Amino acid sequence: MSDLIQQLQQQLPISDPVLIFAIVMIIILVAPIAVQRFKIPGLVGTILAGTIVGPSVLGLLERDDTIILLGTVGLLYLMFMAGLSIDLNKFEKNRNKSIVFGLISFFLPQLASIPMGMYILGFSLESSLLLGSIVGSHTLLAYPIANRIGITKNTAVTMAMGGSIVTDTLSLMILAIVANTIAESSGYTFWITFIILVVGYVFVVIFGLPILGRWFFKNVKNQTNTEYVFMIALLFIAAFLADVVGLAPIIGAFLAGLTLNRLVPESGTLMSRIQFVGNALFIPFFLISVGMLVDVSVMAESLDVWIQTAVFSFLVIFGKSLAAKITQLIFKMTSDEGWTIAGLTIPQAAATLAVTLVGFEIGLLSQTSVNAVVLMILITCLVGPAMVEKFGRNVALKDASAPYNPLDAPERILVPLANPQTAESLVDIALMIKQRKSTEPLFPLTVARDNENVDAQVAEGEKILSHAVVHAAAAEVGVLPVTRVDMNVTNGIVRAVKELRISHIVIGWNGFISARQRIFGTVLDQLLEQAQQLIVVAKLDRPLNITKRVFLLIPPYLDRESGFLGALLTSKNLINEIGAEAVVVTSRNNSSTVKKLIQTKEPAIDSEFIVLESWKGLLGDSRLDLKEAEDLILLMSTRQGTVSWDASLERLPRIIVQNYPSINFLTMYPSEITGNDDPGTMHRISFDRMGPIPAVKTEHVHFNLDEMDAETALKELMMKKFTSNPIELTELTKQVLAQDIDNLPGELPGVVITKTRSATINEPTLFLGISRKGINYPGAEEKIHLIFVLISPFTIGTQRNLSVLASLARILGYNKAYKKLMKAENISDITSILKEVRREIEARA
């Protein structure tokens, strides 16, 4: 038996490459499963398995050039994935927070390491500074756990990821300073050369990679394997060039991920491929290589190793935890988020190993210190991921329990397909607008006309569906292909919508309109009339991921629609996934409402705002400097018969396509669903139900408000209603004057429509004041001749009040009815004008 063991030992370490790879694959498969039974993170099990099979325990595998190569690839891949996964819009929003956290997270351990290194461990000042550089950095080793849990978009995680840029950069700068001091090289020469090289490198990476990426994706379409190889090539080129200029390759990998971030949608098939290969192969190789660094025999032979390990581990765990909790208090985060930050920043590996090996080579660290650092890496790689697993789940549960609109559930997206060339693009849009927490599949659909050629049509449709299924499945999203046979294509789509209880529809448009077509064409126009779900009509001429700016066009009064919030959040999800800057174009009528929602509702997007005085001059505004090759127009429109509908909205898609024939163009129609969570029983909201306008009574009309200021005019207008309560009258007047004007001056010149609430009335009351000469009103640029004031009890919801005002504005603007009201002499004239206009609008709808 002993001879057999001796023979086996003589054959170790294993040199057969096939067997080596087989052992590694078994470790990657079995180790995570084994340790997860004890509630230990799987990546920790992979590290421990690396130690067991490594040279210090069983000696099955040697940490040779192959293991080192694959481990380095895994480390660079890990940093690249971290850069790709950062929510850049949220990072920009939290940039200062990331910098503050990074500085705290680095300097707390760094400053503590100087006295502990010099007075406890007997290190020199240079060695103590290097120790601070080692413990001040951090590696996002627990990022795969955060990604699996689904919290990579959380502010705490984004802050930790952004902070790694600061800590690793400072760590490597300290290393460069110390190494330069030891080498006694010329300070000026070193720094000038180093700064020039680094600045040149950063410039090339930040500006060169996105340009190269956009060119590639623009010219190489629908070739996901080639796209993956392209991304990996850029990763290693950036890492190599970083090493050439004196930076750590991990910095280059992380920068490459950041600069290419906007070209890789989070929900797309390319990101899915990158994450799959990394998590299944390269990153586990890195973890195994870290575990193989541990020399177990040293633990029993030297007490100094344990002392240094304890000191190093204390500096890291205590320093990073204290920094995380301080940051939590400064930025008022939850306790779970604070501990999650600590868990993400405690693990040491990347910059730690780089600094340690360089310090050993220049004689500042002994072999004992190197072994202690490796043990510290193992300890921190056990503690950090366990913390993320524990506290990250609480963060995820809190995020998942955040309130959302019940009309969004269940989120079922139908993608009608007819053209194989656009099928993948339409599926990509569906993937981008799909909520992450939704477990519903996508529903690609083809409709065959019921005629003598129906079998051939069904077969052709199945080919299109197969491509769509493969494309969506590559993004790890469930797909349920649907085929319908009908005499009418629109009827087939609508039938599928009802049977599958669809909530969103994404459909393509070729951009051609004949004189007989109303908006898009027969099928699309009929679909808009018959379906009340949120509909996205897409005309795409180039890949979405090369988009630099999205012009989000929101017409007047559209915020009055019940489905507006859902449509706006869908638009933000799309813009966030594309990774482009949003240029939000609104009217004065809805600018404050839209801006507030854009800035407060998740996800965060980088946005600027353009407010138009008149929507009729939309495309002629010089601020809309549209570039067809790199911009996307996203028009939010509405169907005929709704409160915000205007005939000009039907002409707008045609005008946009005529002026910008090759631009990417989406039109989004908000859902018209109300009062029922079941999409199968949705109904259109009628104009009358949306905004029943209170009757205008004689005592609430004033025909002569001339030669008064605005405050006096409002008091005169409401005097009869509040004669017995002058204090209430004064207070209401102040509230009305403080309100934004609720109509667009460019559309209704000389008219003010506004609102407020009162606890002393029981039903909505509408006041109308007429001034022949006109009065000066705050916020209005022209003289005001008509003042409408809606006062409601507090029991009436805001949405209903806004709907009433939108209905009123639409009536006043129809055939310029407001001009007729300005000439009204009595209540009979007012009543007849309003009734006549309303009848005409409803007849047309």
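Biologist: Hi! Is the crossing where α2 passes α3 left-handed or right-handed?

Modeller: Hello! In this predicted model, α2 passes α3 in a right-handed crossing.

Biologist: Nice. At what angle do the axes of those two helices cross?

Modeller: Roughly 120 degrees, and the axes come within 8 Å. Helix α2 covers residues 17-36, while helix α3 covers residues 42-53.

Biologist: So why is α2 called oblique to α3, given that angle?

Modeller: Angles of 65 to 115 degrees count as roughly perpendicular and those over 145 as roughly antiparallel. The crossing is at roughly 120 degrees, and that makes α2 oblique to α3.

Biologist: Which residues make the contact?

Modeller: From α2 you have Ile-27, Ala-31, Pro-32, Val-35 and Gln-36. On the α3 side they are Gly-42, Gly-45, Thr-46, Ala-49 and Val-53.

Biologist: Let's move to another pair. How do α4 and α13 pack?

Modeller: Helix α4, residues 65-85, packs against helix α13, residues 269-292, at an angle of about 135 degrees. Their axes are 7 Å apart, and the two helices are therefore oblique to each other.

Biologist: Which hand does the crossing of α4 and α13 have?

Modeller: That crossing is left-handed. The residues of the contact of α4 with α13 divide into 17 nonpolar, seven polar and one charged.

Biologist: Is Ser-105 buried or exposed, and why?

Modeller: Ser-105 is buried, because its relative accessible area is 0%, and anything under 20% counts as buried.

Biologist: What does Ser-105 touch?

Modeller: Leaving aside residues up to four places away in sequence, Ser-105 touches Gly-136, His-138, Thr-167, Lys-320 and Ala-323.

Biologist: Now zoom out for me. How many helices and strands are in the chain?

Modeller: The chain has 31 helices and 14 strands. There are 845 residues, and 56% of them count as buried.

Biologist: What about the contacts in the chain, how many join residues at least 24 apart?

Modeller: If you take contacts between residues at least 6 apart in sequence, 80% join residues at least 24 apart.

Terms used. Residues are numbered from 1 along each chain as its sequence is written. This is a predicted model: local features need pLDDT of at least 70, side-chain atom pairs count only at pLDDT 80 or more; totals for chains, interfaces and linings use all residues. Side-chain values use heavy atoms; hydrogens and water are left out. Helices (H or I, at least four residues) and strands (E, at least two) are DSSP runs, numbered from the N terminus. Buried means under 20% relative accessible area, exposed over 50%, partly exposed in between (1.4 Å probe, protein chains only). Contact means heavy atoms within 4.5 Å. Axes are lines fitted to C-alpha atoms, for helices over the stretch in contact, and angles run from 0 to 180 degrees between N-to-C directions. Angles under 35 degrees count as roughly parallel, over 145 as roughly antiparallel, 65 to 115 as roughly perpendicular and the rest as oblique. A crossing is left-handed if the near helix is turned anticlockwise from the far one by less than a right angle, and right-handed if clockwise. Ala, Val, Leu, Ile, Met, Phe, Trp, Tyr, Cys and Pro count as nonpolar, Asp, Glu, Lys and Arg as charged, and the others, Gly among them, as polar.
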